[in-house]
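User: Please take a close look at the salt bridges here and walk me through a few of them in one go.

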Amino acid sequence: MKNIHPVLRRLDLNLLLLFDALFRRRSVLAAADELVISASACSHALARLRQALADDLFIRVGAEMRPTQRAEAMAPAVAAALALLSDGLTQGADFDPVDSDRVFVFAATDYTTFAILPQFLRRMQQLAPRLRFRVVQTGQKVPLEELLAGSIDFALGYSEEQGSLPPGIDDFDWFSDDYVAIASKNHPTIRERLTLRQYLQARHVVVTPWNEARGVVDHVLDTLGLAREVAVQVPSVLAAPFIIADTDLVMTLPQLAVKTLAAAVQVNIFPAPFAIPPYRLKVYCHARHARATAHDWVRRQLLACKQGEVK
C-alpha cells in the first residue's frame with residue numbers, strides 16, 4: 001500500500017499544536033503559556049519541528065517570532081486540520097456548561113464588545129460560571145480564515161447593508177439602531193440644531209475599526225453627490241466622543257454609544273441631517289463549527305440574550 005503520509009510519519013502531531021500557537025501568538029512565552037508547558041520545552045519542541053520540516057519556520061525579530069514564507073503557507077491548512085480534528089473528537093461529547101472551563105474566542109471591536117458582551121457575560125455568570133472568554137481584534141470585519149480554522153469562535157461586527165457573506169459563514173442580527181451626529185457643547189457655531197450646510201462645513205472624526213480607507217457615511221454622501229472633510233481617523237468608537245468634547249470637530253456614530261457616554265462627555269446630540277441607513281450589530285460564526293455541542297450552546301445563549309429571554 002502506498003504511503004500517503006510520509007511527513008506525518010516522522011512528525012509528532014503535538015508539534016502542530018505548537019506551530020499553530022506560535023503562528024497566532026508570535027511569542028515562545030505566549031505559546032508556552034497557552035499550551036501549559038515551560039518556555040524551555042516550547043523551544044525544544046520548536047527545534048524538533050524545524051528539523052522535521054527542514055525549515056526555520058519562525059525567525060526572531062526583536063521580541064517577535066515572525067513566520068517564514070513556508071510557515072505562512074502552512075498556517076491555514078494546519079489551523080483548519082486541527083479544528084477539524086477537534087470537532088471530530090468532540091462530536092457528540094457531553095458538554096456541561098456548569099462545569100466546563102473551555103475558552104471561547106470572540107473577535108470584536110471596542111464598540112461591539114461594549115454593545116454585546118456585558119449582557120451576554122452576565123448571563124454566563126449564572127449559567128456557566130467557569131467558562132472563559134477571550135476577545136481579540138482582527139483586521140477584517142468578517143475574519144473568514146480565523147473562523148474557518150476555529151481560532152475564533154464568533155466575530156462581532158456591524159453592517160449597514162445586506163450583502164452576500166463568504167461561503168460557510170452564518171450570521172444573525174443582534175439589533176438595529178440609527179446613527180446620530182455629535183458636536184461639543186462649546187462648539188462656536190453648532191448650537192441648537194445641525195444643518196446639512198453646517199455638517200458639510202465642519203471637519204470630522206471618523207471611526208475605521210478595520211483600517212478602512214473611508215467610513216460608511218462617506219459612501220452615503222457619495223450617492224448624494226456630497227463630501228465631508230475628515231480631520232481624524234481613529235479605530236475606537238468609545239474614545240472618539242471625548243475628542244469631540246474638547247474640539248470643534250463633528251462626529252457621526254451609533255446612537256447607543258452616545259446615549260451611554262452622554263453623562264461623561266460634554267456634547268450635543270443631533271439627528272443626522274441626511275438619511276443614513278441604520279446599522280445592524282451582527283454575530284458571525286462558521287457553519288462547520290456550529291454542530292459542535294459547546295459551540296451550539298454558546299450560540300443559543302447569544303441568541304437568547306438578543307431576544308431578552310431568561311432560561
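Analyst: Happy to! A salt bridge here is a side-chain nitrogen of Lys or Arg within 4 Å of a carboxyl oxygen of Asp or Glu. This is a predicted model, in which local features need pLDDT of at least 70 and side-chain atom pairs count only at pLDDT 80 or more, while totals for chains, interfaces and linings use all residues. Residues are numbered from 1 along each chain as its sequence is written, and side-chain values use heavy atoms, leaving out hydrogens and water.

The rule gives 14 salt bridges. One of them pairs D171 with K282, whose closest N and O atoms lie 2.9 Å apart. This pair links distant parts of the chain, 111 residues apart: D171 sits in strand β6 and K282 in strand β12 (helices, H or I with at least four residues, and strands, E with at least two, are DSSP runs numbered from the N terminus). K282 counts as buried because its relative accessibility is 4%, whereas D171 is partly exposed at 27% (buried is under 20% relative accessible area, exposed over 50%, partly exposed in between, with a 1.4 Å probe and protein chains only).

D218 and R228 also meet in a salt bridge, at 2.9 Å from N to O. D218 belongs to helix α9, and R228 to the loop between α9 and β9; both residues are buried.

There is a network too: salt bridges with shared partners join D20, R24, R25 and E34. Within it, E34 and R24 come to 2.4 Å, N to O, linking helix α3 to helix α2 across 10 residues. E34 is partly exposed at 30%, and R24 is partly exposed at 31%.
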